[in-house]
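Trainee: Could we go through how a helix and a ligand site are read from a model?
Mentor: Let us take them in turn, with the general idea ahead of each case.

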Amino acid sequence: MAHLKEIGVAVLGFGTVGAGVVETLQQNGELLTERLGLRLVLRGVADVDLDTDRGVAVDRALLTTDAPALIERDDVDVVVELIGGSGVARDFILQALKRGKPVVTANKKLLAEHGEELHRVAAEHQTELLFEAAVGGGIPIIKALREGLMANRIESIYGILNGTCNYILTRMEDEGLPFDEVLAAAQAAGYAEAEPSLDIDGYDTAHKAAVLASLAYGCIVPLEQVQITGIRGVAAADISCAARMGYRIKLLAIIQGGAAGVEVSVQPTLVAHNHQLAAVGGVYNAVLVHGDVVGTTLYYGRGAGRAATASAVVADLADVALNLRVGGRRWDLSGVRTKAPVVFRDPGEIVARHYVRFSMRDQAGMLAKVAAVLGSHGIGIDSVMQQEAAADAQYVPVIFVTAPARDTDLAAALRTISEQADVTDRAPVRYRIEDSE
Ligand code: HSE
């Protein structure tokens, strides 16, 4: 291609991140040219809305509503998809890949739902699909897993991958406020979406966990294999009880490999105050990766937002540009790369310590009854905390921290206890405790 000294870039979607990418190319274009030995040149920006002020000066001649025509242009070498969702974004990515044009995307939902198809089409057309911005915003976690940790078998990944949830949980703890109040304040301040379900019900974290797990274990991770619990049900009482016991509640993506299979889950999880992830507050993200050769590595940064996400998108553009310069592609993530099919772990077989809060009748002998049921299911107790009840209270919160217990055993024990109307008036609350450093 005659114009390879210049790499023509088409940006699809002129929202927050699209504007950030355009701005980054303007701001650091010369620096990128120096570093790459070639120039990333914006050929066009497609969006259905060309009138809204995006806070970045861009030649109107570059703006178009016709994304398919922009993708087809001969002077467009790489396509950046920043539309989001799995509708037209998928169509446009497929169009570009089928034309042999590399694509850079931040679209975790699309990757989680259609990654297999997109990577296969990329491979069939001798091109590549890069997605650094899809997980952890500006944190280069995809590059770390794909390249930096190439020599390792990945033992586990623990991630705080949703800034909205982390912001809400942090404020709940810092200010002792209930979930609904903090969510409403976060929405008013623009930190949480008006329709917050994707974030607070754990789906966004699950999409990102599926992407990380597929990289770590060379497999497609169907979303049905991801156990998902969001933060909607996290009570201020549990945050404060956990804090008194030395823990903080975080929405964690938990990805673990091993002989028993792969676990991919998203759940509110207790981490000790001295755990590396406990210090990650507010909108920040962090990913803790254990490799069999390197040991523990930790990645931290802004997981969302215009500039952080643009940083990751432009890094992918640079990667693509360097690959194009040598006339090749380096990243083929099509299909399952492991020899044996990946087995997903039965969630019931997972062994972990748990925080369990009972609403226990305030009467002699109740604690002993609960302890006896736990014991009869082989569940040890690491600690117990009872809060003093008001003089007229019939029920009192009692918190147990269990020893490592098989999930099925714990579930059976808690079911038995819940059925004892003389002991408790409701099902207990339980959260996993993550002990690994
Ligand atoms: N909504 C996400 C978050 C960012 O709150 O972290 C986009 O993935």
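Mentor: Buried means under 20% relative accessible area, exposed over 50%, and partly exposed in between, with a 1.4 Å probe and protein chains only, while helices are DSSP runs of H or I with at least four residues, numbered from the N terminus. This is a predicted model, in which local features need pLDDT of at least 70 and side-chain atom pairs pLDDT 80 or more, whereas totals for chains, interfaces and linings use all residues. Residues are numbered from 1 along each chain as its sequence is written, and side-chain values use heavy atoms, leaving out hydrogens and water.

Trainee: What span should helix 9 have?
Mentor: The expected span of a helix is 1.5 Å times one less than its number of residues. For the 15 residues of helix 9 (residues 203-217) this gives 21 Å, which agrees with the 21 Å between its end C-alpha atoms. Just after helix 9, Gly218 takes a positive phi of about 60°.

Trainee: Which residues surround the ligand?
Mentor: A residue is near a molecule if one of its heavy atoms lies within 4 Å of it; here, the residues around the ligand include Asp204, Lys208, Lys108 and Asn162.

Trainee: Where does a polar side-chain atom of Lys208 lie?
Mentor: A polar contact is a pair of N or O atoms within 3.5 Å, and a polar side-chain atom of Lys208 lies 2.7 Å from an oxygen atom of the ligand.

Methods
Helices (H or I, at least four residues) and strands (E, at least two) are DSSP runs, numbered from the N terminus. A polar contact is a pair of N or O atoms within 3.5 Å; within protein, one must be able to donate a hydrogen and the other to accept it, and residues adjacent in sequence count only if both atoms are side-chain atoms.
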